[in-house]
Amino acid sequence: MDNIDLWQEAAKDIYWYKKPDILLDSSRAPFNRWFPDGVTNACYNALDLQVEQGRGGQAALIYDSPVTGTKRQYTYAQLLAEVALFAGALMARGVAKGDRVVIYMPMVPEAAIAMLACARIGAIHSVVFGGFASNELAQRIDDATPLVIVAASCGVEPSHLVAYKPLLDHAIELAQHKPDYCIILQRPMLAAEIIEGRDLDWLQVMKQAEPVSCVPVGANEPLYILYTSGTTGQPKGVVRDTGGSTVALKWTMKAIYDVSPGDVYWAASDVGWVVGHSYIVYGPLFAGCTALMYEGKPVGTPDPGAYWRVIEEYRVSVLFTAPTAFRAIKKEDPLGEHLAEYDLSNFRALFLAGERCDPHTLEWAQAKLQVPVIDHWWQTETGWPVCSNCLGIEQLPIVAGSPARPVPGYEVRVLGKDGNAVATGDIGALVLKMPLPPGTFINLWNAPERFAEAYFSKFPGYYETGDAGYIDEAGYIFVMSRTDDVINVAGHRLSTGAMEEILFDDEDVGECAVIGVADAVKGQVPLGLLVLNSGVTTPHAAIIARTVKLVRDRMGPVAAFKLCTIVDRLPKTRSGKLLRGTLRKIADGSDWNMPATIDDAAVLDEVAIALKQMGYPSDKPSSSGPRSC
Ligand code: COA
Ligand code: AMP
């Protein structure tokens, strides 16, 4: 089936208020538009349609929270009722189609309810991951300019509570844009202080609300904005449209994951990441599955059997998580002894993404679970997998280290710097032939020039993924590294450039470089090299502690910025460009050549000594080798 037939067929599988007559408008490439004259509603497809089709009494959303000791289930009918009420509450606060609503919440059902309520009335949600600090939140508030922010009083991490509300208040102080209202879910573990006139209590708001029905939404009207890290401190607001997302996500549930209505599908990620949008909330509901929301960790809540307990208890068919979760489990339970305590007979497949799955972890998971373990590759921008073994189409042999072949709808090429295809097996830039399929991003919020420039300018006719890799003789793709300064920490995509911008704000820091170094569990962690201004007398340890705190306070704990050292100089080219690639290779213990353009070769030796003192390269085997939800 060619691309046209594929999406024409897939589009028939969703509900449209007005069916599209036009499949694709590519007259303004790269701003391509699928189903431009179609009219639909993502919430209708996720909930109302399911109830109409007889799934009202089936569990739509299971909430399991070992960190709070809570379990709750919503049937499709119950979830619809909650969403319709919250949508009414938003409308009563003036939110209408096209308005933005920022959602800053932990893994609680109310986060999904808020997302679906926005979709119901055509408002555009922008979920911000709870592990980001006020500064990051403020940037997103200023860019998205929400009328309303929906937040919770706190998040619950295994070892501590994270007070979200003070972070939110500070973010609003920092932001130029001020929301009209904040709707706050007060969690029993920590009540938030309410600012009269601006803050509203979730429960009160729900009590007063009148349910509303779905608003017809143009296929190309945005469903959401999701900010992701680029090479600079300014995050990119990935915009996904309503029609394309609904068609594509529904199609992937069967084609890739091979799940059917009634199956329990669990994406152990966070609603703040793309995986959470596509596969905790929208995808499973579009497909009539039962979605699972887990507020816990793979280990420590309470032990490395946590995932197996959830799989048994809810008869999970498919689990999707990041390799880092399995590395954490493997580290604590290398023999997989906890597995023996649970019945996993309903479990059919494990999907991994967010970073390359190292062969050791893949083979360990396969041996222990005895189900297909599928590494699949995608990005916030694509919204759904680019390469995968598609269990619902045909299961290909699993090759460790590869996310298999392109999913129908994508054409992957490997290009050299000159823009020409490289030979089979040679590494180059991984690019996707235009047009991208439905459900991929259609723009960057407020930044169409950046959209065109950052992704489509270097290789005309192609989308540049920012990943490098190769294709083997069998057509399997191998994603090996990023081509930019993005690193992947525990499956979280972070910008080293953004960390450097923060470090530059320290009064004693004259120059700095942040690189990703291998970590046995998280895949990569950031490491900072600081050059101090001349005449600084503050003890180095104090500067390091201060800068580590600065990154944590500004970017958030998710950055996991804990490694930092002070060096006399940083290696640069004669034109003053920092030799990041060489630094990374030294830290990872990879082979490296002295760059011909280096200004002063002795600097590399000095930095290598500093890195060695910090334990890099490590003599322990690295978990994932090549780097980069
Ligand atoms: N709100 C507030 N803080 C959060 C948070 C949230 N939603 N999520 C994480 N954090 C904090 C953590 O408390 C931690 O803070 P700390 O430095 O004070 O301890 C920090 O951010 C880093 O968290 P995390 O990346 O989760 O690391 P961890 O060491 O706590 O756990 C793993 C490591 C591997 C167990 C964990 O990363 C994990 O479960 N990964 C699963 C896969 C996943 O979710 N991938 C995402 C994309 S698919
Ligand atoms: P995010 O946008 O946060 O989902 O991160 C996307 C990036 O994570 C990709 O560009 C890759 O660098 C990396 N990534 C995701 N999945 C894989 C995978 N299966 N193999 C290799 N890298 C991956």
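**View 1. Buried residues in the protein chain.** Of the 629 residues in the protein chain, 62% are buried, a term that stands for under 20% relative accessible area with a 1.4 Å probe, protein chains only. This is a predicted model, in which local features need pLDDT of at least 70, side-chain atom pairs count only at pLDDT 80 or more, and totals for chains, interfaces and linings use all residues. Residues are numbered from 1 along each chain as its sequence is written, chains are lettered from A and ligands numbered from 1 in the order in which they are written, and side-chain values use heavy atoms, with hydrogens and water left out.

**View 2. Helix α6.** In this helix, residues 164-174, a helix being a DSSP run of H or I of at least four residues, numbered from the N terminus, the residues Y164, K165, L168, D169, A171 and I172 are buried. Seen down the axis of α6, these buried residues fall within an arc of 160 degrees, so they line one face of the helix; the arc is that of the directions from the helix axis to the C-beta atoms.

**View 3. The rings of F451 and Y455.** These two residues form a tilted aromatic pair, with 6.4 Å centre to centre and 55 degrees between the planes. Rings of Phe, Tyr and Trp (its six-membered ring) pair if their centres lie within 6.5 Å, and planes under 30 degrees apart count as stacked, over 60 as edge-to-face and the rest as tilted. F451 and Y455 both lie in helix α13 (residues 448-456), four residues apart, and both are buried. Ring pairs also link F31, F441, F451, Y455, F456 and Y463 into a cluster.

Note on methods:
Helix = DSSP H or I, 4+ residues; strand = E, 2+ residues; numbered from the N terminus. Buried < 20%, exposed > 50% of the residue type's maximum accessible area, 1.4 Å probe, protein only.
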